[in-house]
Amino acid sequence: MHNQEAARIVIIEDDKTIREGYHYLIDNTSPYTVVNAYPSFDAAKLKITKDNPDVIILDIQLPGTSGIDALPLLKKMLPNVYIIMLTVYETEKIILDALANGASGYFTKNTPSAKIIEAIKEVMHGGGPMSPDVSKK
């Protein structure tokens with residue numbers, strides 16, 4: 001059983017500013033620990049099973065393997081992991097693809113970080129959080 005309080009988080013996001021921002025926020029304003037952060041799925045795939053995350057925050061637009069394509073691969077490697085998608089795009093097709101591929105939640109990058117932390121908590125409890133602009137779709 002996952003310990004809700006000490007969830008292990010991995011961030012896969014190519015934008016360094018955003019990646020470091022989330023890393024800092026999650027480590028400093030939530031009970032969760034960021035065990036690793038990667039600029040791409042290709043950089044993460046060799047190490048991520050060792051990181052053993054409970055939740056992955058995954059950007060859709062990644063260099064190399066896209067977040068959408070990485071999703072089923074990550075679910076194969078880590079069957080119990082929750083994946084929260086992060087994107088600048090809100091097109092319906094992308095959202096549906098992400099959810100069909102196993103995403104647990106879906107946020108746009110302008111989502112306040114407190115909401116992201118809330119979302120981690122929510123997926124750990126089996127919810128499917130989305131930013132309001134996404135759930136309207």
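Trainee: At what angle do helix α1 (residues 16-29) and helix α6 pack?
Mentor: In this predicted model, local features need pLDDT of at least 70 and side-chain atom pairs count only at pLDDT 80 or more, whereas totals for chains, interfaces and linings use all residues. Residues are numbered from 1 along each chain as its sequence is written, and side-chain values use heavy atoms, leaving out hydrogens and water. Helices (DSSP runs of H or I, at least four residues) and strands (E, at least two) are numbered from the N terminus. The axes of α1 and α6 (lines fitted to C-alpha atoms over the stretch in contact, with angles from 0 to 180 degrees between N-to-C directions) are 10 Å apart, and the packing angle is about 65°.

Trainee: Which residues of α6 does α1 meet?
Mentor: On the α1 side, the contact (heavy atoms within 4.5 Å) involves Tyr 22, Leu 25, Ile 26 and Thr 29. The residues of this contact divide into six nonpolar, two polar and no charged. Their partners in α6 are Ser 113, Ile 116, Ile 117 and Ile 120.

Trainee: Why is one side of β2 (33-38) and of β5 (105-108) left without a neighbour in the sheet?
Mentor: The open sheet has five strands, paired in the parallel sense (at least two DSSP bridges between two strands) in the order β2-β1-β3-β4-β5. One side of β2 and one side of β5 lack a neighbour because each stands at an edge with a single partner strand.

Trainee: Which residue in β2 stands opposite Ile 11?
Mentor: Strand β1 (residues 8-12) and β2 pair in the parallel sense over five bridges. Across from Ile 11, the residue in β2 is Ala 37.

Note on methods
Ala, Val, Leu, Ile, Met, Phe, Trp, Tyr, Cys and Pro count as nonpolar, Asp, Glu, Lys and Arg as charged, and the others, Gly among them, as polar.
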